Amino acid sequence: MLKSLGSEPKVAIDPPATVTCALAKALSAWLNEFVQPKAKALFNSPVVKLYASTYVCRNRNGGADQPLSEHALANAIDISDFVLASGEQIAVVENSPNGPASPPLPLHNPSRVSSETVKVRVAVSLDDRERDFLESIHDEACKTFGTVLGPNADEAHKNHLHVDMKQRRSASFCQ
């Protein structure tokens, strides 16, 4: 069970995540090498918490005729929010000027629920720094993970960043 990553600062994972060692290692590298420097540069504050969802035994996109999801292999994580030490919370939402109405990230495993109350966001609007932060870390994630799906990928990913370690023949699948 992955409760946090790093040490200066420690990044809490809420709720704690069930992931493979390879995913934990890649997530730690991405956070340390790309996410933290970008957060410090844009907000003068490091990331201290990720709201995330990981393991669930299901087929891809819940489809009966689909292959097994990387979530079922503990090989994927969905991140809905980045919380900074300053208290600012950056929600992963569609990069539109007005922002979409954004429901909370689905809880894939009801037996493991966040220690905090899930809030429904409405009319979330990203400022330029938040948009720059999310676009930059999304692009950098494409260099680390096998699959990266963000809010502009499709309806199923409008409110979170999906990353997984699926092995690809060539470059990562990145949308």
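**Note on the predicted model: loops, helix packing and core**

1. Ala74 is placed in the loop that runs between strand 3 and strand 4, and in this predicted model its phi is positive, at about 60 degrees, although the residue is not a glycine. Ala74 has a relative accessible area of 10%, and it therefore counts as buried.

2. A second residue with a backbone of this kind is Asn44, where phi is near 55 degrees, again a positive value in a residue other than glycine. Asn44 sits in the loop between helix 1 and strand 3. With a relative accessible area of 72%, Asn44 is exposed, whereas Ala74 is buried.

3. For orientation, the protein chain contains two helices and eight strands, and read from the N terminus these elements follow the order β-β-α-β-β-β-α-β-β-β. Of the 175 residues in the chain, 49% are buried.

4. The bond from Glu8 to Pro9 is cis, with omega near 0 degrees, and Pro9 belongs to the loop between strand 1 and strand 2. Asp14 and Pro15 are also joined by a cis peptide bond, here with omega of about -5 degrees, but Pro15 lies within strand 2.

5. How do the two helices pack? Two packed helices are described by the angle between their axes and by the distance between those axes. Helix 1, which covers residues 21-43, and helix 2, which covers residues 128-141, pack at an angle of about 165 degrees with their axes 10 Å apart. Because of that angle, helix 1 is roughly antiparallel to helix 2, and the crossing in which helix 1 passes helix 2 is right-handed.

6. The contact between the helices is formed on one side by Trp30, Phe34, Val35, Lys38, Ala39, Leu42 and Phe43 of helix 1, and on the other by residues of helix 2 that include Arg129, Phe133, Ile137, Glu140 and Ala141.

7. Leaving aside residues up to four places away in sequence, Glu140 touches Trp30 and Phe34.

8. Trp30, found in helix 1, is buried with a relative accessible area of 0%. Not counting residues up to four places away in sequence, Trp30 touches Val35, Ile79, Phe82, Ile137, Glu140, Ala141, Thr144, Phe145 and Leu161. Trp30 and Thr144 are 114 residues apart along the chain, yet their C-alpha atoms are separated by 6.9 Å.

9. In soluble globular proteins, nonpolar side chains tend to be buried together. Here the largest nonpolar core has 38 residues, and those with the most contacts inside it are Trp30, Val47, Phe82, Phe133 and Phe145. The elements that give two or more residues to this core include strand 1 (2-5), strand 2 (11-17), strand 3 (47-53), strand 4 (76-84) and strand 7 (161-164), together with helix 1 and helix 2. Helix 1 makes the greatest contribution to this core, giving 10 residues.

How values were computed: Residues numbered from 1 in each chain as written. Predicted model: local features only at pLDDT ≥ 70, side-chain atom pairs only at ≥ 80, totals over all residues. Heavy atoms only, no water. Axes fitted to C-alpha atoms, helices over the stretch in contact; angles between N-to-C directions. Helix = DSSP H or I, 4+ residues; strand = E, 2+ residues; numbered from the N terminus. Parallel < 35°, antiparallel > 145°, perpendicular 65-115°, else oblique. Left-handed = near helix turned anticlockwise from the far one by under 90°. Contact = heavy atoms within 4.5 Å. Core = buried A, V, L, I, M, F, W, Y, C linked by side-chain atoms within 4.5 Å. Buried < 20%, exposed > 50% of the residue type's maximum accessible area, 1.4 Å probe, protein only.
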